[in-house]
Amino acid sequence: MPLKLYNTLTKNEEEFVPLKKEETLRQAQDGDALRIVTMYTCGPTVYGRPHIGNYSSFLMADLLKRWLQAGHQYRVLHVKNITDVGHLLHDADQGDDKVQKEAEKEKVHPLEVAQRYTEQYLEDEAALNMLEPDHRPRASETIPEMIAIITELLQRGNAYETEDGIYFSVETFAAYGTLSGNTLENLSAGSRIAVDEQKRHPADFALWKKTVAGNAHHILRWKFPSGEKAEGTTEDASAGFPGWHIECSAMSKKFLGETFDIHTGGEDNIFPHHECEIAQSECASGKQFVRMWLHKRRIDLGSAKMSKSLGNVLTLPDIVAKNYSPLDLRYYLLSVHYRTNLKFSWKGMDDAKKARRKITEWMSEVKAEGRSDPAGGATTDASSFITIFTEAMNADLNTPAALAVIFEAMNAYRAKKPLDAASRAIFIDLIELARHTFGCFEEEAEEAVPDTIQKLLNERSEARAQKNFTESDRLRDEIKKSGYEVRDAGRGQTIKKL
Ligand SMILES: [Zn+2]
């Protein structure tokens, strides 16, 4: 059964065939290469705790990776970067570097800010049960690779130097605008792009910013083209820092080569970020950059889009503070198709929590009964559930349909049990497949906290919100006497059975 995915580049659902497989078949060889998929995910810019809208995009990539593994037995070579320098406000060429700005606010070194938020981000990813990528390159550690691409673009005439940086000339790349649907005409008329007198076209974008004029205060800087570190805060035209877009071109090339299979990101990344990645990578290599582009639709909170710049965000600790498991959030975000705009609500969180608990409890029940192995029982053929689940996931990751199959299987199982061993085995196969694919029905998440403890946790959450620490400590002791340990996690709490 082929896997079909919606490719933003072609605006079509296409059958997914990995590049390595095509190459290997062309050379009439076989072996492990047949099963390799190369995938790049735009990671976070670490200037604050990522919000759940960011995580919904990372979760889409995680789901796809899991399905390539569990549904198709591919080995996914996955790269997910960390942006710690060069991402300017409003994703454009002007304004401050987001990490540097936060560092100035906190009066610390930019890398200290980056380190702190990288740690928080990794904590969140682990709590959300995301698979580790093979590589997590940091932009600040991939400077020589970026300079190599910029040098190539200068030599080929796709880039030019101005007083304040090195720019990519969009008019040298005929396919500019294919991904986003923009044209150079509407971009030059658009007010979104600030006019810079020295730019040849308003849509030209920075590959490199010199630390002169408005950027003289930029602390993280490197010499061009040697790539040597040149930290400081003085005006120095021989030093600078990379533009945000070139970072992903360099970090993906370093680990995945000039052409790779899949690139994922949020829909906000389509323009300018991904459009610019394509332009500079393809002009430098002369080859296709990415075969399939997948983008996660955004999340809305209330009537507005969830965005840090609008101050309209929820983080994972905000969710945990309301006594939801991170896996409830994982279920919620994955239960809506990735190309559907999700309107976040607490009612939706409640429904997700209940649904996830129901499925997880049923899965444990089947497993327990499978292990007890009673003699006899009815025979039923449940293999169609696996087929329908697989078809749903292969249809551009149709998660709502795949979850509906799990509920159907649950009802069928309960209506027909006790089942014989062979029939149970098929249900167990379905459960294994669904567990690996969704990553939120793990066994350790099954244990529900008793209502009495939950009540104390709620009271404690309230006490903490009111900064009544005497009461919160008293409640912690009371919870401990009942055999549970509560820990503070940001603004939330975690609970563990002693
Ligand atoms: Zn990126």
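**Strands, helices and cis prolines in a predicted model**

Met 39 has His 78, a residue of β4, as its bridge partner. The model is predicted, so local features need pLDDT of at least 70 and side-chain atom pairs count only at pLDDT 80 or more, while totals for chains, interfaces and linings use all residues. Residue numbers start from 1 along each chain, as its sequence is written.

Strand β3 (residues 36–41) and β4 run parallel and are joined by six bridges. They belong to an open sheet of four strands, ordered β4-β3-β10-β11, with parallel pairing. The edges are taken by β4 (75–80) and β11 (290–296); each has a single partner strand, so one side of each is left without a neighbour in the sheet. From one strand to the next the twist averages 25°. Here axes are lines fitted to C-alpha atoms, for helices over the stretch in contact, and angles run from 0 to 180 degrees between N-to-C directions.

Helix α7 lies across β3, β4 and β10 (260–266), and runs at about 150° to β4. In contacts of this kind, two residues count as touching if their C-beta atoms, placed from the backbone, lie within 7 Å. Two packed helices are described by the angle between their axes and the distance between the axes. For helix α5 (residues 143–155) and helix α7 (residues 244–256), the angle is about 105° and the axes are 9 Å apart. That makes α5 roughly perpendicular to α7, on a scale in which angles under 35 degrees count as roughly parallel, over 145 as roughly antiparallel, 65 to 115 as roughly perpendicular and the rest as oblique. On the α5 side the contact is made by Glu 145, Met 146, Ile 149 and Ile 150, and on the α7 side by Ile 246, Glu 247, Ser 249, Ala 250, Lys 253 and Lys 254. These residues divide into five nonpolar, one polar and four charged, where Ala, Val, Leu, Ile, Met, Phe, Trp, Tyr, Cys and Pro count as nonpolar, Asp, Glu, Lys and Arg as charged, and the others, Gly among them, as polar.

Helix α7 also packs with helix α8 (residues 270–285), at an angle of about 60° and with the axes 8 Å apart. The two helices are therefore oblique to each other. Their crossing is right-handed; a crossing is left-handed if the near helix is turned anticlockwise from the far one by less than a right angle, and right-handed if clockwise. Trp 244, His 245, Ile 246, Cys 248, Ser 249 and Lys 253 of α7 meet His 273, Cys 276, Glu 277, Gln 280 and Ser 281 of α8. This contact is made up of four nonpolar, five polar and two charged residues.

A further helix pair is formed by α12 (residues 383–394) and α14 (residues 421–438), which pack at about 20° with their axes 8 Å apart. That makes α12 roughly parallel to α14. The crossing of α12 and α14 is left-handed. From α12 the contact draws on Ser 383, Phe 385, Ile 386, Phe 389 and Met 393, and from α14 on Ile 426, Asp 429, Leu 430, Leu 433, Ala 434 and Thr 437. Eight of the contact residues are nonpolar, two polar and one charged.

Strand β1 (residues 4–7) and strand β2 (residues 12–15) run antiparallel, joined by four bridges, and Leu 5 has Glu 14 of β2 as its bridge partner. The β1–β2 hairpin has four residues between its strands, and in this hairpin Lys 11 takes a positive phi near 60°. Another open sheet has three strands in the order β13-β12-β14, with mixed pairing. Its edge strands, β13 (304–305) and β14 (342–344), each pair on one side only. Strand β12 (residues 299–301) and β14 run parallel through three bridges, with Asp 300 opposite Lys 343 in β14.

The peptide bond from Phe 224 to Pro 225 is cis, with omega near 5°, and Pro 225 is in the loop between β8 (222–223) and β9 (236–242). The bond from Lys 417 to Pro 418 is likewise cis, with omega near 5°; Pro 418 is in the loop between α13 (399–416) and α14. Lys 107, a residue other than glycine, has a positive phi near 55° and lies in the loop between α3 (98–106) and α4 (110–127).

Key
Two strands pair if DSSP finds at least two bridges between them.
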